[in-house]
Amino acid sequence: MSIALLTEDEFLHNNRITQQQWQASPITWSTLKAIGLCHEQRTEALNLTAESYAGIIQQCSHVHSVRWRVKNPQHLMEKIVRKTQSHSVTFKAKYLGINQYNYDEIVTDLIGVRALHLFKDDGLAIHDYLISQWQYEEPPVFYVRSGDDEVFAKLPKDIKVKIHPAGYRSLHYVFGSELQQRRIFTEVQVRTIFEEAWTEIDHKIRYPNFSTDEEICSFLLIFNRLVGSADEMGSFVKQLAIEAEQRQHTLIASQKITETESLDVEELFLELERKSKKQHDSQLVIEQLRQRVMQLQADKEVLQKSMYSNMLASTTTVAPRCYKASELLDK
């Protein structure tokens, strides 16, 4: 329903605001409706700003997914009623005197963007990315559950830590930008996917009917702790995967070294075989040469003996002939 057609009674009924709560707020219906109408008229322009923020945040490699919304005009009006009840736990003094001309300076979540990530330690990397893109209007706030003390030491000094009574865990940022000559704020929330699921369920169940129901709140707190355990398990599994990958790399490197060393040993064996074969061939040639030399020596000896025998034979044959010749001369 358009805010222009909305009546006071319809607003109170739609948002489950009792007459007692309505009377506890100092804001008038005319002022509240004027704020809602102004915001409704600016919704399209705010959507463009929201899309711009979402597109830039999605570029961060540690972000799994991004959700965004522009605050519903009636939800904005209901929030103002809650924040202006002086005796309520939700009361904030800065909301007193709010009107259609200054509401966008007071309400910092007219645009809401949620950056969801898988593992808890991705949050700090996303923090670094966000502050590199925009200057925050106020220090970031990290809402934690009581007992989450171990996260404090890891946080940058510019992040404030607040214990959330419902066990809500999320990093909150407020960034400012100029829109149609008016400064507009965007709230960016960074949380794990598990926390997002719990937050959605908690908000759906708890508000607006069971925010004071002790039994339901108790079970929601148990659910919250299960979500925290799931986040821890996610981080544990991630670390196991990292260590398994490191072991695999080490094993592969070791196998490569072993293969290289095996190739080196094989090459050494081949070289040894080549040298052995070469040495064997050399020994064979040497042996052949030795045999050849021995054969030559034997042949030489045979030749010498043959020549000596021939000389002896020749001497025996010629001598008698010479003797006979002398005998002839004597005669």
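1. A search of the whole structure finds zero disulfides, a disulfide being a pair of cysteine sulfur atoms within 2.5 Å. Cysteine 38 is buried at a relative accessible area of 16%, and cysteine 60 is likewise buried, at 5%. Buried means under 20% relative accessible area, exposed over 50% and partly exposed in between (1.4 Å probe, protein chains only).

2. This is a predicted model, in which local features need pLDDT of at least 70 and side-chain atom pairs count only at pLDDT 80 or more, while totals for chains, interfaces and linings use all residues. Residues are numbered from 1 along each chain as its sequence is written, and side-chain values use heavy atoms, with hydrogens and water left out.

3. Helix H4 spans residues 73-83, and nine of its eleven residues are buried; among them are Leu76, Met77, Ile80 and Val81. Helices (H or I, at least four residues) are DSSP runs, numbered from the N terminus. The buried residues of H4 pack against helices H1 (8-14), H2 (19-24), H3 (29-58) and H5 (103-106).

4. At the start of H4, a side-chain oxygen of asparagine 72 lies within 2.9 Å of the backbone nitrogen of glutamine 74.

5. The largest nonpolar core has 47 residues, of which Phe11, Leu32, Ile57, Ile98 and Leu130 touch the most other members. H3 gives the most to this core, with nine residues. A nonpolar core is a set of buried Ala, Val, Leu, Ile, Met, Phe, Trp, Tyr and Cys residues joined through side-chain atoms within 4.5 Å.

6. Leaving aside neighbours within four places in sequence, phenylalanine 11 is in contact (heavy atoms within 4.5 Å) with residues including Trp29, Leu32, Met77 and Val81.

How values were computed
Helix = DSSP H or I, 4+ residues; strand = E, 2+ residues; numbered from the N terminus. Polar contact = N/O pair within 3.5 Å; in protein donor to acceptor, adjacent residues only side chain to side chain.
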